Amino acid sequence: MMHSRKAFLYVPGSDLHKMEKAAAAGADCVVLDLEDGVEESSKDAARVNIAQALRTLDFGSAERAVRVNGFPSARCEADLAAVLPAGPEAVVLPKVESAADIERIHALLLEAERASGQAEGSTALLAIIESARAMVELEAICRAGVAHERLQGLVFGAEDFTADMGATRTPEALELLYARSRLVLYANAFGLQAIDLVTVNFKEEAVLIREATQGAQMGYAGKQVIHPAQIAPVQALFTPSEKEIGWAKRVLAEAARQAALGKGAFTLDGQMVDRPVLRRAESLLARGGTNEIRS
Ligand code: COA
Ligand code: MG
């Protein structure tokens, strides 16, 4: 079973006030950050704050995750040692480049779980894919991750990816289209959730709505957000609408009626319905509801 991760909210681990707000903001997953949202000089203090926040704040039904520093930084092991005893449900590993990185984080998580008396394998892993190399290595990364039943999702780090590519970020996001499509393809091929890019322009709701709509249409399960105002619109756009649910129910009802008559394909509202359309209706109903667990 996987937690829903429609609104995947980052909050800097250096900011106690924001962590308190994030815990109560209604996100599906709250990601207490030790990586790029935290200034170098505040990183040690952020470790302590995060362990404290995990122990004392009420996150309601939100998943409690920590984004540690990646392997390039040499802080990763100490980050895990500091926060794992406080029992986050998930660890978000940035800068994942290869299957070897997945093996390494899995081993470190096992060690930290044993040391703090938690069930082995109980901490979920989410991998941020944010370089050209990582995009090329996706298949091996996914294989390693699912073999350990540890990896639950791939997160698209579009800003780092753009920098790595020497690309230019444009409003249409065409420069990201291949990578964004590739990530959601591999995620779905391996039964993982795909979490879409951050809309950094948090003051413009129209931009958020456009980018969230695209991500949901592409098959992403959720989206990274950086501000509480982004949570509700993202959750709404990653949840099937009443209209879509109504359509799916009618398709299934009509399909049952037609099947009884021995018919495969039939017409509904002037459109052909066959097996693939039925599957789309079923998958849409499986995604219904706001805080549901999606497997
Ligand atoms: N989590 C929880 N609370 C947040 C928040 C977040 N990510 N971002 C803003 N808030 C809070 C603010 O503290 C403020 O609370 P207050 O009214 O009680 O003071 C309220 O929401 C409104 O915030 P606002 O004034 O609009 O923004 P800001 O200038 O305080 O913060 C950012 C803007 C971008 C610095 C902030 O949203 C942020 O730190 N986001 C996360 C950045 C991050 O983690 N990046 C790395 C991952 S990509
Ligand atoms: Mg990044």
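This is a predicted model: local features need pLDDT of at least 70, side-chain atom pairs count only at pLDDT 80 or more; totals for chains, interfaces and linings use all residues.
Local features need pLDDT of at least 70, side-chain atom pairs count only at pLDDT 80 or more, and totals for chains, interfaces and linings use all residues. Residues are numbered from 1 along each chain as its sequence is written, chains are lettered from A and ligands numbered from 1 in the order in which they are written, and side-chain values use heavy atoms, without hydrogens and water.

- Glu130 lies in the loop between β5 (124-129) and α5 (132-136), and Asp160 in helix α7 (residues 158-165), so the pair ties together parts that are 30 residues apart in sequence.
- Helices (H or I, at least four residues) and strands (E, at least two) are DSSP runs, numbered from the N terminus.
- Glu130 is buried, at 7% relative accessibility.
- Asp160 is partly exposed, at 28%.
- Buried means under 20% relative accessible area, exposed over 50%, and partly exposed in between (1.4 Å probe, protein chains only).

**Ligand 1 and its pocket**

- Ligand 1 sits in the largest pocket.
- A pocket is an open set of points on a 1 Å grid over the protein atoms alone, where a 1.4 Å probe fits, with protein on both sides within 12 Å along at least five of seven lines.
- A molecule sits in a pocket if more than half of its atoms lie within 2 Å of its grid points.
- A nitrogen atom of ligand 1 is 2.8 Å from a polar backbone atom of Tyr10.
- The side chain of His17 has an N or O atom 2.7 Å from an oxygen atom of ligand 1.
- For the side chain of Lys18, the distance from an N or O atom to a ligand 1 oxygen is 3.5 Å.
- The protein buries 62% of the 890 Å² that ligand 1 exposes when taken alone.
- These areas come from the Shrake-Rupley method with a 1.4 Å probe.

**Positive phi angles**

- Lys95 is not a glycine, yet its phi is positive, about 55 degrees.
- Lys95 lies in the loop between β4 (90-93) and α4 (99-115) and is partly exposed, at 22% relative accessibility.
- Glu149, another residue other than glycine, has a positive phi near 50 degrees.
- Its loop runs between α6 (138-147) and β6 (151-156), and Glu149 is exposed, at 71%.

**Distances along and across the chain**

- Gly13 is in the loop between β1 and α1 and is buried, at 0% relative accessibility.
- Gly13 and Val38 are 25 residues apart along the chain, and their C-alpha atoms are separated by 6.9 Å.
- Ala132, in helix α5, is partly exposed, at 27%.
- The C-alpha atoms of Ala132 and Asp269 are separated by 44 Å, with the two residues 137 apart along the chain.
- Thr213, in helix α9 (residues 205-218), is partly exposed, at 26%.
- Thr213 and Glu63 are 150 residues apart along the chain, and 23 Å separates their C-alpha atoms.

Conventions. A polar contact is a pair of N or O atoms within 3.5 Å; within protein, one must be able to donate a hydrogen and the other to accept it, and residues adjacent in sequence count only if both atoms are side-chain atoms. On a 1 Å grid over the protein atoms alone, a cavity is a set of points where a 1.4 Å probe fits but cannot get out, and a pocket is an open set with protein on both sides within 12 Å along at least five of seven lines; lining residues have an atom within 4 Å of a point.
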